[in-house]
Amino acid sequence: SDYQDASVRVLEADPDSIRKYGAWPWPHAVLARIVGELHAQGAKLVVLDMALDKTDPASPANLAAEIPVGPEFDQTRAAVQSLPSPDMTLAADFTQIAPVTGFELGNSSPSFTPKKTVRFSGSDAHFARTRLFQSASPPLAPLLAASVATGATNLIADSDGVLRRVPLVFRLRGAPVASLDAEALRVAKNLRTLTFHASEPGDIFSGGSGIASLQTTDGDLPT
């Protein structure tokens, strides 16, 4: 079939961007500005492949915490606390566009449980070979609430330290969770759920994951 441009653009923190916006990671106020500019240029979906689980260093709460204790500083502290929050500014800009944010899977105490958007087709034994984690660090609550989807950002290198594949699905406390890439595809294709097919004996596409393909509206996508 004829090639169709999906109109996907990747924004990287290159040297020119660093000179324009400052050192990475960029403040949430800068991210809000970029999201706003993308919306103004016609972007419908934005995927943020970065950690958004910590309050911006320039948030009023963090700045107020640096002000000395004492009644003589109460007025200053109150003024600082009344300033707009960069986190809330970013969340407000999220409402103008369809943002997909990420969370990092780990093995600390269980906390966040993402929405169920993944289902399996095939033997459960094959899906047990996907990487298992016990915890997830979600975006800040207002950013999570304003996101249309959220997926795992983990990258798994081979034993020699080389990254050769990007998993589309993981397991969180035994339940399947989609990667950030998979969730972006789900939103872009307007799908309610992602259907993964298990590998069969001798399947050359499944590698070591036990996942053979992802079902899409354009046919199965080998993983």
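Asparagine 190 sits in the loop between helix H8 (180–188) and strand S9 (194–198). Helices (H or I, at least four residues) and strands (E, at least two) are DSSP runs, numbered from the N terminus. This is a predicted model: local features need pLDDT of at least 70, side-chain atom pairs count only at pLDDT 80 or more, and totals for chains, interfaces and linings use all residues. Residues are numbered from 1 along each chain as its sequence is written, and side-chain values use heavy atoms, with hydrogens and water left out.

Most residues other than glycine have a negative phi, and most peptide bonds are trans. Buried means under 20% relative accessible area, exposed over 50%, partly exposed in between (1.4 Å probe, protein chains only).

| Residue | Phi | Relative accessible area |
|---|---|---|
| Asparagine 190 | near 60° | 71%, exposed |
| Arginine 173 | near 50° | 31%, partly exposed |

Arginine 173 lies in the loop between strand S7 (169–172) and strand S8 (175–178).

The bond from tryptophan 24 to proline 25 is cis, with omega near 0°. Proline 25 belongs to the loop between helix H1 (15–21) and helix H2 (28–40).

Rings of Phe, Tyr and Trp (its six-membered ring) pair if their centres lie within 6.5 Å; planes under 30 degrees apart count as stacked, over 60 as edge-to-face and the rest as tilted. The count is four aromatic pairs. Tryptophan 24 and tryptophan 26 have ring centres 5.0 Å apart and planes at 70°, so they pair edge-to-face. Tryptophan 24 is partly exposed at 43%; tryptophan 26 is buried at 11%. Ring pairs join Tyr21, Trp24 and Trp26 in a cluster.
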